[in-house]
Amino acid sequence: MRGAVQNLQACLTVRLILPSGHQVGLEFVVDTGFEGALALPLETIAQLKLPFELELDSVLADGNAVPTPVHSATILWQNKQIDVAILGLGERPLLGTALLADYRLTVDFFESGQVTVLPITV
């Protein structure tokens, strides 16, 4: 999986398979401080009609806990369909460390630098 650095942020496009069966590619900022899989603004979740699952408290970087809706989605990750939880949170799409487990993330930190996510081979 490959992406690019934009405004000194590592970005990757992830394809979501919508409940309608259609696919849409969304650009996510890699956030290694976010332990979940994906986060999307609530407006985007509503537009995509992602199914609501539950609400939980998310602890933000400032230590505050906020109630957060959790929605479900199927994504294409490394050419495989996987089911993930998407938090309704923030102002921009975020990709967290839950998706990066057992993968190597490499980022060339300059504008348009390469972002690569590859399985770790032993």
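Which residues in the largest nonpolar core touch the most other members?

## The main core

In this predicted model, the answer is a group of six names: L16, L38, L40, L50, I86 and L95. They sit in a core of 25 residues, the largest nonpolar one here. The largest share comes from β2, with four residues.

As background, nonpolar side chains in soluble globular proteins tend to be buried together.

## A look around L40

Let's zoom in on L40. Setting aside neighbours within four places in sequence, L40 is in contact with L16, L26, F28, I45, L48, L50, I86, L87, G88, L89 and P93. Among these partners, L16, L50 and I86 also turn up with L40 in the list of core residues that touch the most other members.

## Strand β1 and its partners

Now for the start of the chain. Strand β1 covers residues 2-6 and runs antiparallel to β10, with three bridges joining the two. A4 stands opposite Q114 of β10.

β1 also pairs with β2, again antiparallel and through three bridges. Here Q6 faces Q9 in β2 as its opposite number. The hairpin formed by β1 and β2 has two residues between the strands, and N7 takes a positive phi near 55 degrees in that hairpin.

Terms used
Residues are numbered from 1 along each chain as its sequence is written. This is a predicted model: local features need pLDDT of at least 70, side-chain atom pairs count only at pLDDT 80 or more; totals for chains, interfaces and linings use all residues. Side-chain values use heavy atoms; hydrogens and water are left out. A nonpolar core is a set of buried Ala, Val, Leu, Ile, Met, Phe, Trp, Tyr and Cys residues joined through side-chain atoms within 4.5 Å. Buried means under 20% relative accessible area, exposed over 50%, partly exposed in between (1.4 Å probe, protein chains only). Contact means heavy atoms within 4.5 Å. Two strands pair if DSSP finds at least two bridges between them.
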